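Here is a friendly walk through some contacts and a pocket, in questions and answers. Have the viewer open and follow along.

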Amino acid sequence: MKLRHLFLSLILIFSLTELSAQSLDITSAYGQDIKIRKTGMAILGTWAIGNMVVGGIGRSQFSGENAYFHEMNLIWNVVNVGIAGAGYYFSSKADMPADGAALLSDQIFFQKTLLFNAGLDIAYMAGGLYLMERAKNTTNKPERLKGYGKSIIMQGAFLFVFDVILHTVHVRKTNEIAEFLSHVYLAPNQVGLVFGI
């Protein structure tokens, strides 16, 4: 009987040690996730501020199509700087998920958002092409349509690359969490760990 208690105690201690180590992995994965999101928002914010500065200067220095190109860059990036600031702030204030499954779910939602945004980015570029094409067939400020169209194509292209890269990084991180969760199984009235040797 004592041997059985000793054996069960050792299994319990080993299991608790393993769970503690795994919870540290979740803490580390969450920290990396937040770092990736903050870095992404810092890159977006830097792009936005740079475009706002250059756009403001360019708008005052140029005329015609070039002036409208810079004007749209300035306008477009007012929104981007707001998104970057809000994204950075909310990443900093986010609560750590309760477990690996919650973290995985949060990452998958974020990745779906990035894919949706990438689709919008393609639509932005198509809209820019439309404005440039429309400029050929109008006498009502065609230089504005052409300048705005070029700007929207450039902004959409940057955002598409940005969203795809950020999505790729998140997919890699999600795969690590999914691998961790593959060692945990749930059944009615029990939770189990699969240990590798």
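## Contacts and a pocket

Glu 65 has a relative accessibility of 21%, so this residue counts as partly exposed. Keep in mind that the model is predicted.

Q: Which side chain meets Glu 65 in a salt bridge?
A: A salt bridge needs a Lys or Arg nitrogen within 4 Å of a carboxyl oxygen of Asp or Glu. Here the N to O distance is 2.5 Å. The partner of Glu 65 is Lys 150.

Q: How many residues apart in sequence are the parts that Lys 150 and Glu 65 tie together?
A: Lys 150 lies in helix 4 (residues 142-181), while Glu 65 lies in helix 2. The pair therefore ties together parts whose separation in sequence is 85 residues.

Q: Is Glu 71 buried or exposed?
A: Glu 71 forms a salt bridge with Arg 59, at 2.8 Å from N to O. Glu 71 sits in helix 2 (residues 64-93) and Arg 59 in helix 1 (residues 2-61), so the bridge joins parts 12 residues apart in sequence. Buried means under 20% relative accessible area. With a relative accessible area of 17%, Glu 71 is buried.

Q: Over the face of which residue does Arg 59 lie?
A: Arg 59 is partly exposed, with a relative accessible area of 32%. Besides its bridge to Glu 71, Arg 59 lies over a ring face, at 5.3 Å from the ring centre. That ring belongs to Tyr 68.

Q: Which residues are linked with Arg 37 in a network of salt bridges?
A: Arg 37 also lies over the face of Phe 110, at 4.1 Å from the ring centre. In the network of salt bridges, Arg 37 is linked with Asp 33 and Asp 106.

Q: How many salt bridges does the count come to?
A: Among them is the bridge of Glu 133 with Lys 136, whose closest N and O atoms are 3.2 Å apart. Glu 133 is partly exposed at 43% relative accessible area, whereas Lys 136 is exposed at 62%. The count comes to 5 salt bridges.

Q: How many aromatic pairs are there?
A: Ring pairs link Trp 47, Phe 158 and Phe 162 into a cluster. By the ring-centre rule, the count of aromatic pairs comes to 5.

Q: What is the angle between the planes of Trp 76 and Tyr 124?
A: Their rings are 5.0 Å apart, centre to centre, and form an edge-to-face pair. This pair links distant parts of the chain, with Trp 76 in helix 2 and Tyr 124 in helix 3, 48 residues apart. Trp 76 is buried at 16% relative accessible area, and Tyr 124 is partly exposed at 30%. The angle between the planes is 85°.

Q: Why is the pair of Tyr 89 and Phe 90 edge-to-face?
A: Planes over 60 degrees apart count as edge-to-face. The ring centres of Tyr 89 and Phe 90 are 5.2 Å apart, and the pair is edge-to-face because the planes stand at 75°.

Q: Which helix gives the largest share of the lining of the largest pocket?
A: The largest pocket has a volume of about 430 Å³. Of its 21 lining residues, the closest to the centre are Leu 44, Asn 80, Ile 83, Asn 117 and Asp 163. Helix 1, helix 2, helix 3 (100-135) and helix 4 each give two or more residues to the lining. The largest share, 8 residues, comes from helix 2.

Terms used. Residues numbered from 1 in each chain as written. Predicted model: local features only at pLDDT ≥ 70, side-chain atom pairs only at ≥ 80, totals over all residues. Heavy atoms only, no water. Helix = DSSP H or I, 4+ residues; strand = E, 2+ residues; numbered from the N terminus. Buried < 20%, exposed > 50% of the residue type's maximum accessible area, 1.4 Å probe, protein only. 1 Å grid on protein atoms, 1.4 Å probe; cavity = no way out; pocket = protein on both sides within 12 Å on 5 of 7 lines; lining within 4 Å. Points joined across faces, edges and corners; volume = space filled by probe spheres on them. Phe/Tyr/Trp six-rings, centres within 6.5 Å; stacked < 30°, edge-to-face > 60°. Lys NZ or Arg CZ within 6 Å of the ring centre and 35° of its normal.
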